[in-house]
Amino acid sequence: MMRMRAVAVLVFLGLASLCDRTASAQTPEPSTPTSPAPEPAAPTSPAPEPAAPTSPAPEPAAPTSPAAPANSSYAPGEATSGPLRDTEEKKDSGLGLEWLWIDAGGGIAYANMASFDSSSLALQNTAGSGPSFSVGAGLRLFSFTAGLRGRGLLLSTGNLVEIDGEVGLHTRIDHFETYFGLRGGYAFSGTLSSDTVSSAAAGGGTPPNVDVHGGNAGGMLGFEYYFNHYVSLGLDLNPEILFLQRPPQSNLKDGTPAYQAALAACNMIPAGPQQSNCSQTATTDYNNYQTIRSQSGSSIGFAFIATAHLGLHF
């Protein structure tokens, strides 16, 4: 009986110790909340999220590649190499804007004062050629120019002076420029040759006593090469129409005595073609002389002037 009780006590103690052990094994259960403690650490894992913007950091470098598009070339004063800027540089070639021009030169001229029509002009020779000189100055606004020009034509028939206004349109590629326009103004003779007014000389007058004046109008076509912004060399071609008048030269004395003397000289020549030609020439000169002395005359002629010139630009 005693043994039974001792065994029961031992069993009870064993069960008690087993219960204590199981209880101690179950005590870590409250520590399970510590396992979620890493939960706050989870936000730290997205912490690299702010670093993500660093990967697109190269984005700001992207605008540097479009820095060369054509749009940027529209910015004034901006040194870029856009296609439009390259084209503009090729056209302007760094010469810059021009506001004032002056040129002077020389060339060759041809003029016929009665090419198209003549009414009582009474000039024996109306066509001639010779050297010419020209001086001009004016203003320029981009491709448009306007100015004044003076020219002298030293023709075999006499001197012809022109004072003209002109307007032009210019196109420049690199250092080369072409232009075309209109030119016209006032024209007058300085001195007519004795061959041109031989009838006046034969009648007792002198060539300078006979003059013509009127207007001229025509087109112009030119080519120019710019060495730099200030200096250029060019060629100018100018066909034109002349509208001339000759006023009566009432200051000439009567040519009848001179005409009679000329006829007497012709009669001294043996009869024949030579005498006939002499008398005919004397009569023609006398008639022209009387026309110049008492009547005005007019004509429509043509002239062509080619001039090489040196230009200054400001």
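Residues are numbered from 1 along each chain as its sequence is written, and side-chain values use heavy atoms, with hydrogens and water left out.

The protein averages a pLDDT of 78, and 65% of the residues score at least 70, where pLDDT is the predictor's confidence in each residue, from 0 to 100. Over residues 27–38 the pLDDT is below 50, and this stretch has zero contacts in the model beyond near neighbours in sequence, a contact being heavy atoms within 4.5 Å. Where pLDDT is low, the predicted coordinates should not be read in detail.

Rolling a probe the size of a water molecule over the atoms shows where empty space is left. The structure holds three cavities of 30 Å³ or more; a cavity is a set of points, on a 1 Å grid over the protein atoms alone, where a 1.4 Å probe fits but cannot get out, and its lining residues have an atom within 4 Å of a point. Grid points are joined across faces, edges and corners, and a volume is the space filled by probe spheres set on the points.

The largest cavity contains about 150 Å³ of space and is lined by 17 residues, of which Trp101, Asp103, His170, Tyr179 and Glu224 lie nearest its centre. At least two lining residues come from each of several strands, including strand 1 (100–119), strand 4 (158–173) and strand 5 (176–192), strands being DSSP runs of E with at least two residues, numbered from the N terminus. By class, this lining has five nonpolar, five polar and seven charged residues; Ala, Val, Leu, Ile, Met, Phe, Trp, Tyr, Cys and Pro count as nonpolar, Asp, Glu, Lys and Arg as charged, and the others, Gly among them, as polar.

The second largest cavity has a volume of about 70 Å³, and the residues that line it include Asp103, Arg149, Arg151, Tyr179 and Arg183. Strand 3, strand 5 and strand 8 each supply at least two residues of this lining.

Ser132 lies in strand 2 (residues 127–141) and counts as buried because its relative accessibility is 7%, buried meaning under 20% relative accessible area with a 1.4 Å probe and protein chains only. Leaving aside neighbours within four places in sequence, Ser132 is in contact with several residues, among them Gly106, Gly152 and Thr307.

Side chains of opposite charge can pair when their charged atoms come close. Eleven salt bridges are counted in the model, each being a side-chain nitrogen of Lys or Arg within 4 Å of a carboxyl oxygen of Asp or Glu. Arg149 and Glu166 meet in one of them, at 2.8 Å from N to O; this pair links distant parts of the chain, with Arg149 in strand 3 and Glu166 in strand 4, 17 residues apart. Both Arg149 and Glu166 are buried. Glu162 and Arg151 likewise form a salt bridge, at 2.8 Å from N to O, and they are eleven residues apart, in strand 4 and strand 3 respectively. Glu162 is buried, with a relative accessible area of 0%, and Arg151 counts as buried at 3% relative accessibility. Salt bridges that share partners join Asp103, Arg149, Glu166, Arg183 and Asp236 into one network.

How values were computed: Predicted model: local features only at pLDDT ≥ 70, side-chain atom pairs only at ≥ 80, totals over all residues. 1 Å grid on protein atoms, 1.4 Å probe; cavity = no way out; pocket = protein on both sides within 12 Å on 5 of 7 lines; lining within 4 Å. Helix = DSSP H or I, 4+ residues; strand = E, 2+ residues; numbered from the N terminus. Buried < 20%, exposed > 50% of the residue type's maximum accessible area, 1.4 Å probe, protein only.
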